[in-house]
Amino acid sequence: MSKFFKRLLNDSSSSDEEERNMWFVAAIEFERQNSQGSGSGDRSSRQYRYRDRVSGHYQLLNDYFVENPVYDETLFRRRFRLSRPLFLRILHTLQQHNDYFVQRRNAANTVGLSGEQKMTAALRMLAYGMSADSLDEYVRIGETTTIECVKRFCQGVVEIFGPEYLISPNAADISRLLRKANQRGFPGMLGSLDCMHWTWKNCPAAYHGMYTGHVHRPTIVLEAVTSYDLWIWHAFFGMPGSNNDINVLDASNLFANLQEGCGPSINYTIMGNHYNMGYYLADGIYPKWATIVQSISHPQELAHDFFAKKHESYRKDVERAFGVLQARFAIVRGPARFWHHEDLTFIMKACIILHNMIIEDERVDDNGLVAMTSGNDDYDSLGTDGPVEVSRCPISFDHFMATNRAIRDSDTHYALRRDIIAHLWTLHGQGVIE
């Protein structure tokens with residue numbers, strides 16, 4: 001009871017018994033109305049709805065998961081963004097990792113939601129970017145439960161599949177990437193590098209200044225490296241949107257393995273000059289490093305113009321990857337509606353991992369051809385000859401600093417670009433590259 005009413009009831013001037021009772025009843029009613037809905041634990045403000053989860057489970061099974069479902073594999077792939085076998089593989093792995101996705105009975109002996117329902121709710125939110133309560137009519141799942149499913153699903157995907165689908169390329173992968181890059185006329189190229197901003201709609205007001213950059217609203221930056229098949233090899237997410245691409249590059253671990261001496265050893269020769277570090281194609285904002293090759297903004301010669309066209313064409317691989325990622329998972333295309341930075345990190349990484357899993361699942365068709373590329377490259381045969389060796393020897397601090405200076409050497413940057421320009425122009429003159 002408030003101090004005002006306590007003082008009023010104890011006032012000696014209010015001697016009339018009937019008046020004191022009237023004030024006492026008013027005080028109790030005031031306290032009751034003031035306390036209603038004030039906390040999350042107030043049961044009177046919440047309503048229980050019988051959703052008939054069992055019928056929702058069987059409805060979902062009959063639509064997609066029985067032997068002769070209502071909707072075939074094509075519609076399943078369209079609505080879930082992945083194939084049915086991949087869906088079941090992820091579900092069974094999640095059930096072994098976390099019993100949250102296993103259908104159980106609660107304390108009242110009532111059957112809870114099935115793993116198919118929870119994973120369907122999570123994937124629909126990721127794929128369509130819809131609100132949490134929009135799945136209630138079909139999946140029979142409440143708003144708060146849907147949000148919890150999304151968080152647990154993304155965290156589980158990152159913890160289970162992250163070490164396999166979100167790592168740097170190994171020796172066999174680099175051998176395949178180098179072979180494809182050589183066919184394109186860019187020997188030593190490992191992929192294309194760029195950044196993407198994800199708008200944070202529900203950014204706390206205290207963080208607005210830190211996360212607001214050139215887009216004039218809070219964003220979080222994703223730095224990614226993508227190969228020609230749209231596989232995302234490197235993903236560094238979490239930097240505030242007030243940082244530009246150079247700041248993000250300085251904070252990321254893109255060249256950490258190379259500096260520490262535990263990355264693959266890459267050796268190639270262009271126009272008679274030997275190089276021992278791979279490089280990435282990037283736009284003009286990035287620094288003039290030996291591991292980054294940029295285009296020429298205003299080419300004055302035919303060879304420079306031809307190089308600029310090829311560079312800009314192959315650098316679009318990362319732009320295409322961003323476009324495919326946002327088309328598959330609309331949640332990373334629209335403004336983020338979660339409050340915590342950790343949740344957004346899990347969501348972004350989970351979408352990238354699922355993106356890579358889908359590419360791997362759809363990589364080869366029935367004829368043995370790569371489905372995600374325009375050529376007829378057989379992934380099993382691309383890197384079988386001349387594997388790249390991986391260095392695992394510990395290095396000294398002096399070697400670490402020497403490697404760091406070699407990465408940031410601008411003279412090597414310009415020399416490498418001149419050799420690539422001459423190499424491309426030679427191939428163009430021979431009719432190898434049009």
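How many bridges join β1 to β2, and in which sense do the two strands run? In this predicted model, eight bridges join the two strands, which run antiparallel. Within this pairing, M196 stands opposite L222 of β2. Strand β2, which spans residues 219-226, also pairs with strand β3, residues 232-240, again in the antiparallel sense and over seven bridges. Two partners across the β2 and β3 pairing can be named. I220 stands opposite P240 in β3, and E223 has F236 of β3 as its bridge partner. The hairpin formed by β2 and β3 has five residues between the strands, and L230 takes a positive phi near 70° there.

The burial of these strands was examined next. Eight of the eight residues of β2 are buried, and the strand is described as mostly covered. In a regular strand the side chains alternate between the two faces of the sheet. For β2, T219, V221, E223 and V225 lie on one side and I220, L222, A224 and T226 on the other. Residues of both sets are all buried, so that both faces of β2 are covered, where buried means under 20% relative accessible area. Strand β3 is likewise mostly covered, with nine of its nine residues buried. E223 of β2 is thus a buried residue, and its bridge partner F236 lies in β3, a strand in which nine of nine residues are buried.

Rolling a probe the size of a water molecule over the atoms shows where empty space is left. A search of the whole structure finds one cavity of 30 Å³ or more. About 70 Å³ of space lies in the largest cavity. Its lining consists of L177, K180, A181, R184, M189, L190, G191, T226, S227, Y228 and D317. Helix α9 (171-184) and strand β1 (189-199) each supply at least two residues of this lining. The largest share, four residues, comes from α9. By class, the lining has five nonpolar, three polar and three charged residues. T226, one of the lining residues, also belongs to the buried set of β2.

Aromatic contacts form a further feature of the model. The count comes to 23 aromatic pairs. For Y64 and F65, the ring centres are 6.5 Å apart and the planes stand at 65°, so this pair is edge-to-face. Both Y64 and F65 are buried. F65 also forms an aromatic pair with F87, and this pair is tilted, with 5.1 Å from centre to centre and 40° between the planes. F87, like F65, is buried. Ring pairs link Y64, F65, Y71, F76, F80 and F87 into a cluster.

Charged groups over aromatic rings were also found. The charged end of R79 sits over the ring of Y71, at 4.4 Å from the ring centre; Y71 is itself a member of the cluster described above. The charged end of R81 sits over the ring of Y128, at 4.9 Å from its centre.

T144 lies in helix α8, which spans residues 143-165. The C-alpha atoms of T144 and A132 are separated by 7.5 Å, and the two residues are 12 residues apart along the chain. S265 lies in the loop between α12 (256-260) and β4 (268-270). S265 and N276 are 11 residues apart in sequence, and their C-alpha atoms are 7.1 Å apart in space.

Note on methods:
Residues numbered from 1 in each chain as written. Predicted model: local features only at pLDDT ≥ 70, side-chain atom pairs only at ≥ 80, totals over all residues. Heavy atoms only, no water. 1 Å grid on protein atoms, 1.4 Å probe; cavity = no way out; pocket = protein on both sides within 12 Å on 5 of 7 lines; lining within 4 Å. Points joined across faces, edges and corners; volume = space filled by probe spheres on them. Nonpolar A, V, L, I, M, F, W, Y, C, P; charged D, E, K, R; others polar. Buried < 20%, exposed > 50% of the residue type's maximum accessible area, 1.4 Å probe, protein only. Pairing = 2+ DSSP bridges. Phe/Tyr/Trp six-rings, centres within 6.5 Å; stacked < 30°, edge-to-face > 60°. Lys NZ or Arg CZ within 6 Å of the ring centre and 35° of its normal.
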